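Hi,

Here is the structure I promised to pass on. Please have a look at it first, and then read on for my notes.

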Amino acid sequence: MKRFLLPHFDVDGFVSTTLAEDLGDGGDITSAAVIPAEARFTGVMDTREDIVVAGLGLAAAFFRKLDPDVVIEPLAEDGEQVAAGTALLRLRGRARAMLTAERSALNTVQHLSGIATLTRTYVDAIAGTGAILLDTRKTIPGLRALEKYATATGGAHNHRMGLWDAAMIKDNHVAVAGGIAAAVSRAVAAGIERIIVEVDRLDQIEPALGAGATHLLLDNMAPTTLREGVGMVAGRVPTEASGGVRLETIRAIAESGVSYVSVGRLTQSAPAADIGLDFTIE
């Protein structure tokens with residue numbers, strides 16, 4: 001199985017820290033007491049519901065950390081849409097190590113597959129509209145890279161990995177700066193190339209564009225208002241709809257003509273996928 005690689009993310013550090021949290025100072029006292037040291041297990045990870053798979057390689061990294069000789073056979077791939085009952089991964093190795101790594105591996109693949117599955121649902125809902133689904137910075141602290149990997153696996157585009165990759169001028173920035181034009185002008189003067197400006201009224205569009213905004217976030221607007229805003233922008237910069245977007249409303253929002261729709265609930269509210277791991281002794 002391919003190693004799980006994610007740019008700018010310390011996979012080994014994540015695995016080590018997660019296992020240390022579970023093991024504490026005493027280790028896995030249950031497995032040490034109950035499972036013979038020489039015992040070996042065969043395990044199959046499967047899904048109990050329809051999902052989009054994400055994080056299998058990372059799950060495998062937990063087992064490899066505790067048993068470098070574990071044999072892992074992938075039965076599905078990240079990004080694959082599979083039905084309930086599908087086997088995802090088969091592994092054979094030292095029983096104690098596999099039991100110790102089980103919960104951390106499952107927690108991770110359940111969380112990431114849950115995000116990918118919800119994301120795909122939103123992507124499918126706007127298919128054919130021309131709008132692109134974006135994720136947000138509403139992620140669990142420390143897990144942003146992994147959660148954004150999962151949204152990308154589900155078909156969304158990663159948007160703003162942090163505070164450093166684009167200016168995002170929101171209402172509080174505007175209030176302190178003394179207006180949208182003043183805030184945008186300061187960002188331009190600072191040499192920032194990507195300047196995203198949140199507007200919640202149509203009369204803010206021209207001042208933002210005139211001052212140098214490169215992307216407009218049309219916040220909490222109804223589809224009819226969004227359509228009017230897109231017409232005012234007239235293709236000068238990309239437009240993004242955001243704020244309270246739900247599965248039942250995203251189609252109408254996307255059909256307004258916006259370039260993008262951003263959805264915080266992809267990472268903020270995705271339920272964990274129902275994935276299990278069953279072992280048999282060899």
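Throughout these notes, a contact means heavy atoms within 4.5 Å. In the chain, 71% of the contacts with a separation of 6 or more are between residues 24 or more positions apart. Please keep in mind that this is a predicted model, in which local features need pLDDT of at least 70, side-chain atom pairs count only at pLDDT 80 or more, and totals for chains, interfaces and linings use all residues. Residues are numbered from 1 along each chain as its sequence is written, and side-chain values use heavy atoms, with hydrogens and water left out.

First, the overall picture. The chain has 11 helices and 12 strands, taken as DSSP runs numbered from the N terminus (helices are H or I, at least four residues; strands are E, at least two). Its C-alpha atoms fill a box of roughly 70 × 35 × 25 Å along the principal axes. Of its 282 residues, 49% count as buried, that is, under 20% relative accessible area with a 1.4 Å probe, protein chains only.

Now to the core. A nonpolar core here is a set of buried Ala, Val, Leu, Ile, Met, Phe, Trp, Tyr and Cys residues joined through side-chain atoms within 4.5 Å. The largest one has 85 residues, and M45, L88, V197, L216 and V261 have the most contacts inside it. Helix α4 gives the largest share of this core, with 11 residues. Leaving aside residues up to four places away in sequence, L88 touches a set that includes M45, I51, V53, L56 and I275.

Helix α4 also packs against α5. Helix α4 (residues 95-125) and helix α5 (residues 144-154) meet at an angle of about 40°, with their axes 7 Å apart; axes are lines fitted to C-alpha atoms, over the stretch in contact, and angles run from 0 to 180 degrees between N-to-C directions. Among the residues making the contact are H111, L112 and I115 of α4 and L146, E147 and A150 of α5.

What about α1 and α4? Their axes come within 10 Å and cross at roughly 125°, which makes α1 oblique to α4. The contact involves F14, T18, L19, D22 and L23 of α1 and T100, A101, R103, S104 and T108 of α4.

Finally, V11 is found in helix α1 (residues 11-23) and is buried, with a relative accessible area of 14%. V11 and L58 are 47 residues apart in sequence, and 7.6 Å apart in space, C-alpha to C-alpha.

Best wishes

Conventions. Buried means under 20% relative accessible area, exposed over 50%, partly exposed in between (1.4 Å probe, protein chains only). Angles under 35 degrees count as roughly parallel, over 145 as roughly antiparallel, 65 to 115 as roughly perpendicular and the rest as oblique.
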